[in-house]
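The sequence and the structure are shown first.

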Amino acid sequence: MQYNVTVIGSGPGGYVAAIRCAQLGFKTVIIEKYDTLGGTCLNVGCIPSKALLDSSEHFINAKEHFKEHGIDIPAPKVNIKQMIKRKEDVVKSNVDGIAFLMKKNKIDVFHGMGSFVDKNTILVKSTDGKETKVATEKVIIATGSKPTPLPFAPFDKKRIISSTEALTLTEIPSHLIVIGGGVIGMELGSVYARLGSKVTVVEFLDSLIPTMDGTMGKELQKVAKKMGMDIYLGHKVTAVENKGKEILLKAEAKDGKVLELKGDYCLVSIGRRPYTEGLGLEKVGIETEKGQIPVDDHLKTKVDNIYAIGDVIKGAMLAHKAEEEGVFVAEQMAGQKPHVNYLLIPGVVYTWPEVASVGYTEEHLKSQGRAYKTGSFPYKALGRARASMDTDGLVKILADKQTDEILGVHIIGARAADMIAAGVTAMEFRASAEDVSRMSHAHPTYMEAVKEACLSATENRPIHL
């Protein structure tokens, strides 16, 4: 079977690349190892975790906030099985949607493990043992990533679990120990904290969500503690032992003190690693570096007709980054001149309040020795936030000291995930803080905090503070 483009992997990077290739007139096929399309994001990542985050947020609102709103109901109870079922329904709806898009765009789909025979031939082995050879002019590798286990505590999928198992638990943990205070750890930790679990987070570095601006980590820690979560920063986990129905964890602080924790589940969320096993890269002469597939500025590997995108290459492991790269590669193949601005790929943590960030962090600007100024505005000063009882959080703006160009937008607060798009837009057009502060923002809205933070950065003159 002859194709112009073969995409290996159907996650956000892969399926978006396939759709864009088909739109540009390429005869396209997508190969997916699993029975459903969508990759980690749709099946065991972004979508199901957001479904559970929303369900747990509804529960905590009903339990703690409805009465203040004048809504009297009997004490709500968690039906974890129904919660998981709803999550699975959401996943199925999204996965079915991707299958529809493949048909709509006349993209062939093969389910099975795809591996290189040579640079123009892919062998697909399906679960029933059937083998199909696909002849192709170009290949896009979009096989994504897998959770990283601890070397001394591999996932047993029962008590020592990854994010995948954390999304399918049929009971609410009594005590969930989370190793890693990054995005995944804080999101899933907050789900079970809301549902009634005692949650303890152990983080090796000195801040939560350490890849984001330091202010965001500090604010998120305050919120987490208000939720009842215990946070141990600067602790190195040295042992994790499954004792049947109990997990024993040991960690060492920087001063040498040993922390011992006992819980019924341990979620290991120390990061993800590129998934390239079984691709047969050695048959086409591609070698990985630190697990990643090396690519040039055009996302081309050392083999002229083979490209790689998303989590298998350098950069942040984000679904929308993979999508941008999928479009980038497809348009290059068509002779266009696309561009991806990696500085302006936003990051989001879907706790509540949400955390969202784009551009430089303050720590990065300091390390560069760049002259900058800051402006911030707290949610508690917003009329809209008071009305919704979402007063935790703030907006932080970083701007060039001389030119006033916005260099970074960092938000922790209600609807931050949606608001960050305004920061991306402003920075794509190289707006100054004053530019944004002089734009009319609807009242009352959360976005007014962005305007006020820009006023603070421009002339230190926020109106409502």
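How many cavities of 30 Å³ or more does a search of the whole structure find? The search finds 2. The model is predicted, so local features need pLDDT of at least 70 and side-chain atom pairs count only at pLDDT 80 or more, while totals for chains, interfaces and linings use all residues. Residues are numbered from 1 along each chain as its sequence is written, and side-chain values use heavy atoms, with hydrogens and water left out.

**Cavities and a pocket**

On a 1 Å grid over the protein atoms alone, a cavity is a set of points where a 1.4 Å probe fits but cannot get out; a pocket is an open set with protein on both sides within 12 Å along at least five of seven lines, and lining residues have an atom within 4 Å of a point. Grid points are joined across faces, edges and corners, and a volume is the space filled by probe spheres set on the points. In the lining counts, Ala, Val, Leu, Ile, Met, Phe, Trp, Tyr, Cys and Pro are nonpolar, Asp, Glu, Lys and Arg are charged, and the others, Gly among them, are polar.

| Space | Volume | Lining residues by class |
|---|---|---|
| Largest cavity | about 50 Å³ | 5 nonpolar, 5 polar, 1 charged |
| Second largest cavity | about 40 Å³ | 7 nonpolar, 2 polar, no charged |
| Second largest pocket | about 980 Å³ | 14 nonpolar, 7 polar, 13 charged |

The second largest pocket is lined by 34 residues, and those closest to its centre are Glu 57, Ile 60, Asn 61, Trp 352 and Asp 390. Helices (H or I, at least four residues) and strands (E, at least two) are DSSP runs, numbered from the N terminus. Helix α3 provides the largest share of this pocket lining, 9 residues. Trp 352 also lines the second largest cavity, as do Met 186, Leu 220 and Val 223, among others. Here α7 gives the most, with 3 residues. Both α6 and α7 supply at least two residues to this cavity lining, and each also supplies at least two to the lining of the second largest pocket.

The lining of the largest cavity includes Leu 267 and Val 268, which belong to strand β15 (residues 265–268). Both faces of β15 are covered: Tyr 265 and Leu 267 on one side, and Cys 266 and Val 268 on the other, are all buried (under 20% relative accessible area, with a 1.4 Å probe and protein chains only). Strands count as paired if DSSP finds at least two bridges between them. Strand β9 (residues 175–179) runs parallel to β15 and is joined to it by 4 bridges, with Ile 179 opposite Val 268. Strand β8 (residues 160–161) is also parallel to β15, over 2 bridges; Ile 160 has Cys 266 as its bridge partner.

**Nonpolar cores**

A nonpolar core is a set of buried Ala, Val, Leu, Ile, Met, Phe, Trp, Tyr and Cys residues joined through side-chain atoms within 4.5 Å. The largest has 52 residues, of which Phe 116, Ile 140 and Ile 141 touch the most other members. Helix α1 (residues 12–23) contributes the largest share of this core, 7 residues. A second, separate core of 34 residues includes Leu 176, Val 191, Ala 193 and Leu 394. In soluble globular proteins, nonpolar side chains tend to be buried together.

Conventions. Buried means under 20% relative accessible area, exposed over 50%, partly exposed in between (1.4 Å probe, protein chains only).
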